[in-house]
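The structure comes before the details.

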Amino acid sequence: MGDTARPQDNPRRQVPSVDALLQQMPEEAARWGHRALTEAVRTVLAQLRRQLGSGQEQPTDRDSLRSLVRLHLQTREAATLKPVINLTGTVLHTNLGRASLPDAALAALARVAGMPTNLEFDLERGQRGERESHVVDLICELTGAEAATVVNNNAAAVLLVLNTLARQRQVPVSRGELVEIGGSFRIPEVMQRSACQLVEVGATNRTHLQDYRQAINADTALLLKVHTSNYRIEGFTQAVSEEQLAALAREHDLPFVIDLGSGNLLDFAALGLPGEPTAMQAIAAGADVITFSGDKLLGGPQAGLIAGRRDLLEQINRNPLKRALRLDKLNLAALAEVLKLYRHPERLLLELPTLRQLTRPLADIQSQARRLQPALSKALGSDFEVSVQDCASQIGSGALPVATLPSAALHVLAHSGAEAGIRGLAQKFRGFSWPVIGRLHKGALWLDLRCLEDEATFLEQIGTL
Ligand SMILES: *Cc1c(COP(=O)(O)O)cnc(C)c1O
């Protein structure tokens, strides 16, 4: 540390000038450009002077400085957004980007990303076309709705629907459905921003049809049901069914809107997965407008799908906010391909990563775990103990909160029992060029293998430990 015997400016005098160092780096100038190099040299030298000034010892020879500058340039250039291997056990992990797209969607992205497209151009008539036309028919076909549109995500869909149909009017919502999703989306706050007035009805655990009926007055704009996607109230509970609410709304000539959250298009029970109402069922139950996410159970890109009655969709499309919330061409192209896959349920389970991973047989995961256990054990050496353990995967993204899927994990414990060792290991895994993200639980690192599809990359990387 600080050497008080030495005059402080002595080491600082050994720091070369920006120009002197720049002149010694012609190759770097050619590779990174003169401006970026100059900026990097300035930053590195300024930091060095600060460190020396505060008494830290630092090498000041040219080779060390050149490698510091190169490191700075490389770090600055490296993509911060990169693929990771999700072994958290949560299939639709919001922090890890939710759904992975199927090959058909990746191909579509590559086709439309680098070229002009007919995004809003009617090729037959040679005039302006509708951006959403590329997915509207598909959404109608798969939900049974007569009209549809898409926006940036489901939060935008809810905002747009409420702002269009309930601006400066009242919307009764059950107290049991005033949900918060991921900390930044809360139904009461979104309603406020939509300029509509929330009227809370019922109690947290029980809401009756009568509660809604009493809340309806001349100022009521619509009835809203929110799918409580990330928690479940159990015990002495009562919610009003979609059919009952639809009938009450019709009686008062009000639209009935459902925010489905995940809104899957398939009957999950038929796949052996925990049941969840489908978009088709919601429309059939009498919803006038439904909204749901593109990148939750649907398994597509970030998007908010809105489907329902034609007259209401026309109003929604005319709202000036629509332009601010619209979906971009890349996500639109990807969404169209994902929706097309739903026309072929037999291909869907193989080709759509979300459903492939959710329906992956337990025996398959277990045998992968047994296959990988010796390799990981060998790579980690004698400081760690690796075993195969049963675990429970979560679906994630607030979908089906209570239900879990039986799975298998590589379970890593430090022999010393020290948690610091396990944390350090988890950090090393995150530091791979293709970072591996596991789950720390009870002093162990759990690698749930449900979503491990690229086994070769995983093995190659643990080989470098
Ligand atoms: C997830 C969710 C949203 C928000 O959807 P995003 O696509 O993440 O914007 C809104 N409502 C419900 C009920 C949800 O589950």
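Helix axes are lines fitted to C-alpha atoms over the stretch in contact, and angles run from 0 to 180 degrees between N-to-C directions. Helices (H or I, at least four residues) and strands (E, at least two) are DSSP runs, numbered from the N terminus. The model is predicted: local features need pLDDT of at least 70, side-chain atom pairs count only at pLDDT 80 or more, and totals for chains, interfaces and linings use all residues. Residues are numbered from 1 along each chain as its sequence is written, and side-chain values use heavy atoms, with hydrogens and water left out.

**Overall**

- The chain holds 20 helices and 18 strands.
- Its C-alpha trace spans about 90 × 55 × 50 Å along the principal axes.
- Of the 465 residues, 47% count as buried, where buried means under 20% relative accessible area, exposed over 50%, and partly exposed in between (1.4 Å probe, protein chains only).
- Taking contacts (heavy atoms within 4.5 Å) between residues at least 6 apart in sequence, 75% join residues at least 24 apart.

**Helices α18 and α20**

- Helix α18 (residues 362-380) packs against helix α20 (residues 455-462) at an angle of about 15 degrees, and the two axes are 10 Å apart.
- Angles under 35 degrees count as roughly parallel, over 145 as roughly antiparallel, 65 to 115 as roughly perpendicular and the rest as oblique; α18 and α20 are therefore roughly parallel to each other.
- The crossing of α18 and α20 is right-handed; a crossing is left-handed if the near helix is turned anticlockwise from the far one by less than a right angle, and right-handed if clockwise.
- On the α18 side the contact uses Gln 368, Arg 371, Leu 372, Ala 375, Leu 376 and Ala 379, which meet Glu 455, Phe 458, Leu 459 and Ile 462 of α20.
- By class, the residues of this contact of α18 with α20 are seven nonpolar, one polar and two charged. Ala, Val, Leu, Ile, Met, Phe, Trp, Tyr, Cys and Pro count as nonpolar, Asp, Glu, Lys and Arg as charged, and the others, Gly among them, as polar.

- The axes of helix α6 (residues 103-113) and α15 cross at roughly 145 degrees and come within 8 Å, in a right-handed crossing.
- From α6, Ala 104, Ala 105, Ala 108, Leu 109, Arg 111, Val 112 and Ala 113 meet Lys 329, Leu 330, Ala 333, Ala 334, Glu 337 and Val 338 of α15.
- The contact of α6 with α15 has 10 nonpolar, no polar and three charged residues.
- The axes of α7 and α15 come within 10 Å and cross at roughly 30 degrees, so α7 and α15 are roughly parallel to each other.
- The α7 and α15 crossing is left-handed.
- His 134, Val 135, Leu 138, Ile 139 and Leu 142 of α7 make this contact with Leu 332, Leu 335, Ala 336, Leu 339 and Lys 340 of α15.
- The contact of α7 with α15 divides into eight nonpolar, one polar and one charged residues.

**Burial of helix α7**

- In helix α7 (residues 133-143), the buried residues are Val 135, Val 136, Leu 138, Ile 139, Cys 140, Leu 142 and Thr 143.
- The cover over these buried residues of α7 includes β5 (147-151), α12, β12, β13 (304-308) and α15 (329-341).
- Gly 144 follows α7 and has a positive phi, near 80 degrees.

**Two loop residues**

- Asp 288 lies in the loop between α12 (279-284) and β12 (289-293); Asp 288 counts as buried because its relative accessibility is 14%.
- Not counting residues up to four places away in sequence, Asp 288 touches Leu 254, Pro 255, Phe 256, Ala 307, Gly 308, Arg 309 and Leu 312.
- Leu 271 is in the loop between β11 (256-261) and α12 and counts as partly exposed at 27% relative accessibility.
- Leaving aside neighbours within four places in sequence, Leu 271 contacts Leu 266, Leu 349, Leu 355 and Thr 359.
- Leu 271 and Leu 355 are 84 residues apart in sequence, and their C-alpha atoms are 9.5 Å apart.

**Aromatic pair**

- A search of the whole structure finds one aromatic pair. Phe 429 and Phe 432 form this pair, which is tilted, at 5.3 Å centre to centre with 40 degrees between the planes.
- Rings of Phe, Tyr and Trp (its six-membered ring) pair if their centres lie within 6.5 Å; planes under 30 degrees apart count as stacked, over 60 as edge-to-face and the rest as tilted.
- Phe 429 is buried at 1% relative accessibility, and Phe 432 is buried with a relative accessible area of 9%.
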